[in-house]
There are 2 protein chains.
Amino acid sequence: MKKIINAVELVEDQMIAGMCKAFPQYVTKLDCGNVVVRTDKKEGKVALISGGGSGHEPAHGGFVGTGMLDAAVAGAVFTSPTPDQIYEGIKAIATDKGVLMVVKNYTGDVMNFEMAADMARDMDGIKVAQVVTNDDVAVQDSLYTVGRRGVAGTVFVHKIAGALAETGAELEEVQAVAQKVCDNVRTMGMAIKPCIVPAAGTPGFELADDEMEIGIGIHGEPGIYREALKPADEIVDVLMEKILADIDFAGSEVAVMINGCGATPLMELFIVNNRVADILADKGIKVYKTFVGEYMTSIEMEGFSISLLKLDDQMKALLDAPADTPAFKA
Amino acid sequence: MKKIINAVELVEDQMIAGMCKAFPQYVTKLDCGNVVVRTDKKEGKVALISGGGSGHEPAHGGFVGTGMLDAAVAGAVFTSPTPDQIYEGIKAIATDKGVLMVVKNYTGDVMNFEMAADMARDMDGIKVAQVVTNDDVAVQDSLYTVGRRGVAGTVFVHKIAGALAETGAELEEVQAVAQKVCDNVRTMGMAIKPCIVPAAGTPGFELADDEMEIGIGIHGEPGIYREALKPADEIVDVLMEKILADIDFAGSEVAVMINGCGATPLMELFIVNNRVADILADKGIKVYKTFVGEYMTSIEMEGFSISLLKLDDQMKALLDAPADTPAFKA
C-alpha cells in the first residue's frame with residue numbers, strides 16, 4: 001500500500017483536522033468525533049445534515065457552508081458513522097425550523113441516521129425529517145444495500161435542498177424538494193482501478209490490466225459485469241443507455257455530473273463528457289449545466305460516474321442559487 | 001497503459017471539446033487548434049493568456065473566465081503549444097489595453113510565447129507584455145528549463161493579475177502585480193507514482209513500490225533525490241523547510257495551495273495540509289487563505305506540491321476579488 005499518510009489509525013482524524021485548518025471560514029469540528037458544522041451557525045432555517053463513511057472526499061465536509069449543508073458526519077473509511085456522532089451533529093445545528101437528514105442508501109447509514117433522529121426527537125424534541133438517496137441504476141440490491149445505492153447524485157440533493165433551506169422554507173418543503181431531486185436523478189459508474197482502504201492495506205477488489213468493472217459502487221462493490229477495457233465512448237454508451245432507460249428524459253432539460261472517483265485525471269473526465277454531451281444533443285435532451293470533477297470519490301479508485309438530473313424550473317433556480325462551501329461554489 | 005480514452009491521437013482534441021461542451025458559458029474553442037477563449041470577450045481590459053502542454057488540467061482552460069484568464073493555449077500532452085497557436089490566441093483576445101502572457105518557465109514555452117508576441121506586435125501592432133513564472137524551489141535548472149521551473153504557483157498569478165486586469169488597470173500595472181506574485185510565491189512537490197503520456201504508452205519514470213521522488217517537476221522531471229517513502233508529516237517537513245528557507249516569510253501572511261498531481265486522493269491532501277498548517281502556526285506565519293485540490297496536475301501522477309505566497313494588502317484584495325471560471329470561483 002503506497003499512500004501519503006502518517007498511520008492508518010490516524011487517517012480520518014488527520015484528514016478532518018487538515019480540512020478544518022484549510023477552511024476555518026466554513027467548517028468547525030465538534031469535540032465528539034469527526035463531525036463538522038458550519039462555522040457560522042445560521043438560525044431561522046432548516047438545517048441539513050449528511051455524511052457517511054470517510055473516503056468520499058470532498059463529500060461530505062466539503063459541502064458544508066452557505067446554501068448546502070450545515071453539518072457533515074464522517075465515519076471511519078467506508079464505515080457508517082455511529083448514531084451518537086450523528087446525534088451530536090443534529091443537536092449542534094438544530095433550529096426551530098427542524099433538521100433534514102440527507103442519507104445515501106446504504107443499510108448501515110440508514111439505520112444509524114434513523115436511530116440518531118429518534119434520539120433527537122425523543123430526548124430533545126427536535127423536528128427531524130429525512131430523504132434517502134438511491135440514484136445508482138446499476139444494481140437493484142447490492143452488497144451493502146437493500147434497494148438501489150445512493151451515490152454521486154446525492155450532491156445535487158445537497159445543493160438544491162440546501163438552497164431552498166437557505167430561503168427560510170419549512171421542513172416539509174425542503175424535504176419535498178430533496179425528494180423531488182431523488183426522484184429525478186440517475187447515476188451509473190465504472191472503474192478501471194480499485195482503491196485501498198487504509199486499515200485493510202490491500203485493494204477491495206482486483207482488476208486485470210485489461211479489465212474494467214461496469215456499474216461499480218462507491219466502495220468498490222461489484223457492479224453488473226467485468227469485461228475487457230473498451231474505448232471511452234463505448235463505455236459511456238453503455239452507462240448512458242442504462243441511465244436514459246430508467247426514467248423518461250425526452251424533451252427535458254438536465255444537469256450533468258461527470259464525477260471522478262479519486263484518481264481519474266480530469267483529462268479523461270472531459271473525454272467522457274465529450275461523448276455524454278453528444279448523446280444528449282442527439283436525443284434532444286438539453287443540457288442546462290454540467291459539472292466535471294471530483295464530488296463523490298472512493299479514495300483513489302480510478303473510474304467515473306455519470307449523473308443526470310431531470311430539471312424543472314424550481315430545481316433550475318435552486319441549482320443556480322448561491323453556494324459557498326469548500327468544494328462547491330455557485 | 002490503462003486509460004479512459006478513445007485513441008492516443010484524439011486525447012487533446014476530445015478533451016478540449018469535452019471541456020467546451022461542459023462549460024460553454026465560460027469557454028469557446030477557436031478554429032485554429034486547441035485554443036480556448038472567454039465566451040464573452042471583454043473589451044476595455046488587459047487580456048491575459050496562458051497555457052502550455054496539455055496534461056495539467058484544470059490548467060489552463062479551467063481558469064478562463066471572469067477575473068482570471070481570457071485565453072488558454074493547449075499544446076499536445078507535455079509539449080509546448082506552437083507560436084502560431086499562441087499568436088491566434090493573442091489576436092482573438094487583444095484589446096486596446098494590451099495582452100499579458102503568463103508563461104511557465106520551460107524553455108520551449110518561453111521561446112514559443114515570445115515568438116508569438118513578436119508576431120502580434122509586428123504584424124498587428126498589439127501591445128504584449130509577459131511574466132515568466134518560476135516558483136519551484138526544488139532545482140535551479142532542470143531537464144527542460146534554464147532556471148527554476150514554473151509550476152502550481154502560476155495559478156496565483158492567474159488569479160491575482162486577472163483580478164487586477166478586470167478592474168481596467170493598465171498593462172504595466174497588471175504586469176507589475178503578476179511579477180510581484182512571481183517574486184513572492186514558492187512551490188515544491190513530490191510524487192509516489194508516475195504518469196503515462198498517452199502517446200508514449202509507458203511511464204515517464206519508474207518508482208519502486210516503496211520509493212518516492214522529492215522535488216519532482218510537473219512533467220515527471222527528476223527532482224532532488226529519490227528515497228524510501230516516509231510518513232506524510234516527514235515529507236511535508238522536507239518540502240516546507242526548503243520553501244521557507246528560500247525567502248523570508250517571517251511575520252507575513254500567506255496563501256497556501258496544496259495541489260494534487262492528478263491521482264492523489266483529497267484525503268491525502270488534507271493530511272498534508274494538517275501538517276503544513278501546524279508548521280506555519282509554529283513559525284508565526286499567518287494563513288490568510290488555503291486552497292486544497294487539483295490546480296496544476298500531471299495527468300495521473302500521484303503526489304502533491306505545496307505553494308506558499310507571501311501576501312501584501314494589494315495581493316490579498318485581488319486574491320479575494322470575484323472569479324468565475326470552470327475550475328476556480330471566488
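1. What is the handedness of the crossing of α6(B) and α7(B)? Right-handed. Bear in mind that this is a predicted model. Of the residues in the contact of α6(B) with α7(B), nine are nonpolar, none polar and three charged.

2. A bit more on that pair. Helix α6 (residues 232-246) of chain B packs on helix α7 (residues 266-282) of chain B at an angle of about 50°, and their axes are 9 Å apart. Angles between 35 and 65 degrees fall in the oblique class, so α6(B) counts as oblique to α7(B).

3. Who touches whom? On the α6(B) side, look for Ala232(B), Asp233(B), Val236(B), Asp237(B), Met240(B) and Leu244(B). They meet Ile271(B), Val272(B), Arg275(B), Val276(B), Ile279(B) and Leu280(B) in α7(B).

4. Now the other pair in chain B. Helix α4 (residues 154-166) of chain B and helix α5 (residues 171-184) of chain B also have axes 9 Å apart, but pack at an angle of about 155°. Since angles over 145 degrees count that way, α4(B) and α5(B) are roughly antiparallel. Their crossing is right-handed.

5. In this contact, α4(B) brings Phe156(B), Val157(B), Ile160(B), Ala161(B), Leu164(B) and Ala165(B), while α5(B) brings Glu173(B), Val174(B), Val177(B), Ala178(B), Val181(B) and Cys182(B). Sorted by class, that gives eleven nonpolar residues, no polar ones and one charged.

6. Buried in α5(A) are Leu171(A), Val174(A), Val177(A), Ala178(A), Val181(A), Cys182(A) and Asn184(A).

Methods: Residues numbered from 1 in each chain as written. Chains lettered and ligands numbered in written order. Predicted model: local features only at pLDDT ≥ 70, side-chain atom pairs only at ≥ 80, totals over all residues. Heavy atoms only, no water. Axes fitted to C-alpha atoms, helices over the stretch in contact; angles between N-to-C directions. Helix = DSSP H or I, 4+ residues; strand = E, 2+ residues; numbered from the N terminus. Parallel < 35°, antiparallel > 145°, perpendicular 65-115°, else oblique. Left-handed = near helix turned anticlockwise from the far one by under 90°. Contact = heavy atoms within 4.5 Å. Nonpolar A, V, L, I, M, F, W, Y, C, P; charged D, E, K, R; others polar. Buried < 20%, exposed > 50% of the residue type's maximum accessible area, 1.4 Å probe, protein only.
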